[in-house]
Structures are given as C-alpha cells and as structure tokens.
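Open the structure in your viewer and get ready to select residues as we go.

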Amino acid sequence: EKMIKIALASNIKVILLTPSPDQRVNLSEPNNELERHSKQIRNLATKYDIGLVDSYELFRQKVAMGEHIAHYMSQVNHPNEKGHGFIANEILTYFK
C-alpha cells in the first residue's frame, strides 16, 4: 500500500496484478490462499481507484471450464510463455 501511495503521489499510473496460479493450490476451492491474497489486491485497486489485472480470476475461469493449469505453467508456480502471454494480453487492455 505504501508503494501505491508513493507512486500516485508522483503521478505514476499503477496497475496491480493478482497472483498467477500455483499448481499446489486448488483454484476451485473457495477461500484458498491465492484467493485470499487476490481479494486483498482487488480491495487495494478499488480503494485507490487504480488498474487491476485479475490474473488469478482469469486462470480460475480456465479451471472452471475444465482446462488444466499445467498447460500454462513452466514450473509448479511460474507461468510458461503461454501463461505469460495470457496475462500480458490483459495488461495490454490498459494501453489500447
């Protein structure tokens, strides 16, 4: 939160990102640790009226549609090129 305040005071635009998946966490499980962390980030974006790319929700929707997160991951907790591209496309919506 301190970094957000400093950036905004310097007229720097801020876009927050929720976490990308961790294959050790069940994204279908309500209130898992990544969901809780994502909620904190969403609340900060709302509180400061700043940009938000909800990476967690994007991947959670993939899981809800039956896709396997492993297709987007290079390691257990790190996206591969396809996963990064998925996130980057959402970031780019702020620059169109």
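**Stop 1: the core**

Start by selecting V25, L27, L34, Y56, L58, F59, I69, Y72, M73, F86 and I87: these 11 residues make up the largest nonpolar core of this predicted model. Helices α3 and α4 each give at least two residues to this core, and the largest share, 3 residues, comes from α3. In soluble globular proteins, nonpolar side chains tend to be buried together.

Leaving aside residues up to four places away in sequence, L34 touches P19, S20, P21, D22, V25, L27 and Y56. Another core, of 8 residues, lies apart from the one you began with; I4, L16, I41 and Y48 are among them.

**Stop 2: helix α3**

Next, select residues 55-64, which form helix α3. Which of its residues are buried? They are S55, Y56, L58, F59 and K62. Look down the helix axis: these residues span an arc of only 165°, so they sit on the same side of α3. An α-helix has 3.6 residues a turn, so residues three or four places apart point the same way.

To see what this buried side packs against, colour β1 (15-17), α2 (33-48), β2 (51-53) and α4 (81-92). Then step just past the end of α3 to G66, which takes a positive phi of about 95°.

**Stop 3: salt bridges**

Time for charged side chains: there are 6 salt bridges in the structure. Side chains of opposite charge can pair when their charged atoms come close.

- K62 counts as buried because its relative accessibility is 16%, while E67 is partly exposed at 28%.
- Go to R24 and D22, joined by a salt bridge of 2.7 Å, N to O. R24 counts as exposed, at 59% relative accessibility, whereas D22 is buried, at 13%.
- Select E35 and R42, which form a salt bridge of 3.3 Å, N to O. Both E35 and R42 are buried.

**Stop 4: out to the surface**

Y94 lies in the segment after α4, and its relative accessibility of 39% makes it partly exposed.

Terms used:
Residues numbered from 1 in each chain as written. Predicted model: local features only at pLDDT ≥ 70, side-chain atom pairs only at ≥ 80, totals over all residues. Heavy atoms only, no water. Buried < 20%, exposed > 50% of the residue type's maximum accessible area, 1.4 Å probe, protein only. Helix = DSSP H or I, 4+ residues; strand = E, 2+ residues; numbered from the N terminus. Arc of directions from axis to C-beta. Contact = heavy atoms within 4.5 Å. Core = buried A, V, L, I, M, F, W, Y, C linked by side-chain atoms within 4.5 Å. Salt bridge = Lys/Arg side-chain N within 4 Å of Asp/Glu carboxyl O.
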